[in-house]
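Welcome! Please take a moment with the sequence and the 3D view before reading on.

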Amino acid sequence: MLDEIPRSEALKCTRARSKIYWDDVIAPSLRSGKTLLIVGHENNLRSLIMRLEGIKPEDIINLSLPRAVPLAYRLDINLKPLARPDGKLDEATGMLNGTWLGGDDAVQEILERDHKQVYDTSVQQNLEEGSDRDKWRRWTEMAIGEPEDESFEAHSRSHVHRNLNNRSNGVRPTSELNGQVK
């Protein structure tokens, strides 16, 4: 059985799988007025963006996506991307109508760092460590709100756990929502 499992997946196969998910889940949810957060690996996201933006198969290979940076789209009634407010494609990739929530400049820096990390054989250190990583972490802390604390004990006191366990703040634990998501 293990020999039947593919060791990799071509973009063509990923596109076929993502089409089903787009048609059966994503598009109906968007048409019903929901706002969605879609998270996935680069090839899966590429296949969705390819469909959304109408990018040709021979061009999609040139689209690099940063890790963990949200890309927001505004869609028309036909679920096609609306132009960005500035009327231009994003400056980070030059291919997308979406808006990077980290800003085009920050995404461009991340993409350049990632490209060096993968393709520049002279790099002798992890480029995600050091001042650039700290700069990005500070930006995400500012955007999200609460500073990062390294210890597990502090994590258990974090806003997620505190809100679920402290009824004095008016937030009910998930178990009390009777199956409703709020």
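Predicted model: local features only at pLDDT ≥ 70, side-chain atom pairs only at ≥ 80, totals over all residues.

Residues are numbered from 1 along each chain as its sequence is written, and side-chain values use heavy atoms, with hydrogens and water left out.

**The chain as a whole**

The chain has seven helices and two strands, arranged along the sequence as α-α-α-β-β-α-α-α-α. Here helices (H or I, at least four residues) and strands (E, at least two) are DSSP runs, numbered from the N terminus. Of the 182 residues, 24% are buried; buried means under 20% relative accessible area, exposed over 50%, and partly exposed in between (1.4 Å probe, protein chains only).

The mean pLDDT, the predictor's confidence in each residue from 0 to 100, is 78 for the chain, with 70% of residues at 70 or more. Over residues 151–182 the pLDDT is below 50, and this stretch has 18 contacts in the model beyond near neighbours in sequence. A contact means heavy atoms within 4.5 Å.

**The largest pocket**

A pocket is an open set of points on a 1 Å grid over the protein atoms alone, where a 1.4 Å probe fits, with protein on both sides within 12 Å along at least five of seven lines; lining residues have an atom within 4 Å of a point. The largest pocket is lined by 29 residues, and Leu-37, Ile-38, Leu-71, Ala-72 and Tyr-73 lie nearest its centre. Helix 1 (11–31), helix 2 (42–53) and strand 1 (71–72) each give two or more residues to this lining, and helix 2 supplies the largest share, five residues.

Leu-45 sits in helix 2. Leu-45 counts as partly exposed because its relative accessibility is 23%. Leaving out residues up to four places away in sequence, Leu-45 touches Ile-38, Val-39, Gly-40 and Leu-65.

Asn-97 belongs to the loop between strand 1 and strand 2 (99–100). Beyond neighbours within four places in sequence, the contacts of Asn-97 include Glu-53, Tyr-73 and Leu-89.

Each of these residues also has a partner set apart along the chain:

| Pair | Separation in sequence | C-alpha to C-alpha distance |
|---|---|---|
| Leu-45 and Thr-14 | 31 residues | 9.4 Å |
| Asn-97 and Leu-82 | 15 residues | 6.9 Å |
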